[in-house]
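Visitor: Hi! Could you walk me through this one while I look at it?
Guide: Happy to, ask away.

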Amino acid sequence: MASVATDVLVIGGGAAGIAAAVTARRNGAEAILVEAGPMLGGELLHGLPLAGLYTAQGGRAVGGFADGFLAACARYGSETAPLRDFHARTLVCLDPEAIKVAVIDLTHGAGVKALMYTLVDQVATDGDGRIAGVILRNKAGRTLVRAKIVIDATDGGTVAALADYPPLDTSAEVDRAAPLVFRMAGVDAAAFLEHLAAAPETLAAPAHPAIAADRAAAASGLRDQGRVLAVLDPAAPQMRAAVAAGRMIGSAGAAIAQTSAARRDVVIRVDRPQGVDPARIERAAGIEICAGFLRSALPGFSQAVISAVHPGVPVPFVRPMLGDRVLGRDAGPAGPGVVDTVARGCHGTRGADLSGDGAFDIPLGCMLPRGVRNLLVIGGGLSADPSISEDAAATGTRLALGEAAGTAAALAAGPAPDLRRIDIAGLRRSLRQQGALLEAAR
Amino acid sequence: MLRGIIPMQSAYASSHHDVVVIGAGAAGIAAASAAARNGADTLLIDAGPEAGGELLSGIPIDGCLNTRGEWIVGGFLRELLDECDRLGGYVGAMFDWRSIWVVCCDPEIMRLAVMNRLRAAGVKTRFNSFVDEVVTESGRITGVVVMDVSGRRLITANSFIDCSGDGDVAVGAGAEFIQGDGSGTFQPVTMVFRMAGVDTGRLLDFVERNPDNLALKENPWITQTREECLRGLIAQNQPKVFLRAQGPLLSAAIASGELYPTALLAITPVSVQRREVSLNTTRIANVDATDTRALSAAMPALIDQVWNCQAFLRNRVPGFEEAVFAGTAPRIGIRETRRIIGRELLSSEDVLSARKRADGIGKGGHHVDIHGSGTDQLRRPIADGGSYDIPFGCLLPKGIDNLGIAGRCLSAERPAHGSARVMGTCIAMGQAVGTAAAIANEGNRRDGALADVPVSALRTRLAEQGAILDGTH
């Protein structure tokens, strides 16, 4: 078996993994980034808008790497301004086709060694609380990677699970039914937004009075914003009639968001599609019905055509591990005088907790599985209570988690690496210097 | 301590099928659909998240018609194109007035069409599953071990079909093979990309006024004059334009460094409504695509070329002034890796002479098309604008009786492979080998030995199901 050594090995080439690998590299560490599929980008590639960069009220919650990421997307033609959905979130509606190019620019530009089409086969531990090596498998065979620090940025917490680190008790696991996701081009934004203003009952009600007073106010806000972005109410009369008549599948609602103004392209997410399993090839029939409904029922969509279909299952497979801290359960500082916030996330639909600044602190400890010194877990394996794990899995939040993990990894990637012995104040200083946001805006 | 997906003690989960197809590209979906519709319990496995392979890239489907414009592939291809058409994603068959007919579809609609056809045939699917091991016993494959994020699984079957493109299963079972030219030369890998909002009228107006930029009339079967070809291309009224490296536009851009060295800038319509075209132009030669590290390392340079070319198009090519970048293919396109040594070898002479055979199970009609590095490309026409038959033995690896192959890993000399590697031909091969696998599982003979299926019975069944085996040039 071939063997290679590196400072930092990042498994998972989605938002978290890209941010982690690039940041580790920028902080002076060698980084290998491993992705199972043929492209870097993960869920960034399928058009769903980025949540977690801004709070529901529009405050900025994530900076640092995310700033550079948005700038790169803008260089490749994407709009990057925050947009309010006037339901529960402030989103950044990026062009996934620009993202494809931007992530290659960022990773290659930083000197990250990316390896696509590659799975993790086995994890070797050394008896001293460290991962000694990770065996990768791809068409060319098996390779042992000896890394000082391993970052697990996979949806399923694969590395932590393979190494048998204890999982988090998730008896209260939230239901993560997969949505249908596809795109349509040729959408007339003005006609669509005028329709919403004339028929605000189409929209889902605002989740909080601070977001919008009522549906009419939300519709008018969306129209003034001038971009396609809307959360549709499954109980709206038009939707219910279409479902009853078999012209639309039943669902828990649908969200529509711009991906490219130039192509008049939007992404559509249909939540909990009834009678359609988004994980199976049967989903094609469901998408055909949804697209037909939009064309026939929604002004602005009459000339729209399908422009992309999500290739797989859009909802992450989540397998949280038990970390030093559990996000959403252990509030407050880690100990007397210890401030260990390394990233921030935003409350979304579920919480609609707008009592504070709309964001929550993420401590380093929820990336550190118990019983191992050199592993950070920042994807679906993050140690987070189900009540908050969906918000922590927002793509924008994963950029922040990745930056924190990559910076911590570079700091710890010396001899006898131990993530619990790094200078947290120094880590936070580095993150701030990179532009990361670690405190509530004043 | 070593911990793996499956601890050493525990058993693999397992399942058994009549036919297992590995690889869900053009050949694999045809093979799986054909096996399932002929009654076999069929599982289709792919390492990626979805089915369709290069059909989703945006490049046109070559090899469906010969240079004369006769359809030479029917059956599953016809069903797939009809489904694309029903969903509004069939642009049409068109002639490049250079050498070949191509079939143009919307790759995003193709995604839906592929899923619908697999479902209609009753194919079982398993995605994100990588074949880790091939299990053999006395000259037969008994199973494959696949791995995914949740573990390993042993999948056994009576018959196996390798549509991996690289012949991974055949090689895993000990089949002999040749890679590229045998000395490290491979046709280039490509990242296909798309541009939306293209003005076809302006593009055609430009090429009409500057015909030196066009590749036209390369095939001696085309009797029209170059001027008549140009008029034919313009009259077709499609953004199906092949800009050649030797023309003034590309040669100046390549010489000045404005554009990377390439043999071609092939523009193909993919969506009428979105006024969208695909571009087949980027290239990095001599990457061994079975070397994952090398293939991964090709990505930044390919993406650089994509961005370089979209800017070039917008700045220099009339019709693209208002066009916008509309994305890349889902993955790097691979032209050439391994060719498995089968019971028969498709020869260059077979292809160039348009040889017909009694044991033919499908037809190829794409010119011999070997891309080299930089501006280099070898193209040789098939005699008389016709097509050649692919013998069944090219799909049967030597020494492994219950394994069939289809797609670009077929048993062929390198120039012959340069013709047969295209998607239309891959679909014809796939349907043939899938049908053979189903026959090998019929009645009392459930040994799954494809190699024992009489070619006459196979041809009869294929013809009944719409395959085109006879009656064309």
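Visitor: Is B:Cys163 buried or exposed?
Guide: B:Cys163 counts as buried because its relative accessibility is 8%; buried means under 20% relative accessible area, exposed over 50%, and partly exposed in between, with a 1.4 Å probe and protein chains only. Before we go on: this is a predicted model, where local features need pLDDT of at least 70, side-chain atom pairs count only at pLDDT 80 or more, and totals for chains, interfaces and linings use all residues. Residues are numbered from 1 along each chain as its sequence is written, chains are lettered from A and ligands numbered from 1 in the order in which they are written, and side-chain values use heavy atoms, leaving out hydrogens and water.

Visitor: Good to know. How many disulfides are there over all chains?
Guide: The search of the whole structure finds 0, taking a disulfide as a pair of cysteine sulfur atoms within 2.5 Å. For B:Cys163, the nearest cysteine sulfur belongs to B:Cys409, 7.1 Å away.

Visitor: Switching topic: why is strand β13 of chain A largely enclosed?
Guide: Because 5 of the 6 residues in β13(A), residues 265-270, are buried. Strands here are DSSP runs of E with at least two residues, helices are runs of H or I with at least four, and both are numbered from the N terminus.

Visitor: Which strands pair with β13(A)?
Guide: Strand β10(A), residues 180-185, pairs with β13(A) in the antiparallel sense over 6 bridges, and A:Ala185 has A:Asp265 as its bridge partner. Strand β12(A), residues 254-260, also runs antiparallel to β13(A), joined by 6 bridges, with A:Ile256 opposite A:Ile268. Pairing requires at least two DSSP bridges between the strands.

Visitor: What about the hairpin of β12(A) and β13(A)?
Guide: There are 4 residues between the strands, and A:Arg264 has a positive phi near 50 degrees.

Visitor: Now the interface. How many residues of chain A are in contact with chain B?
Guide: 51 residues of chain A are in contact with 54 of chain B, contact meaning heavy atoms within 4.5 Å.
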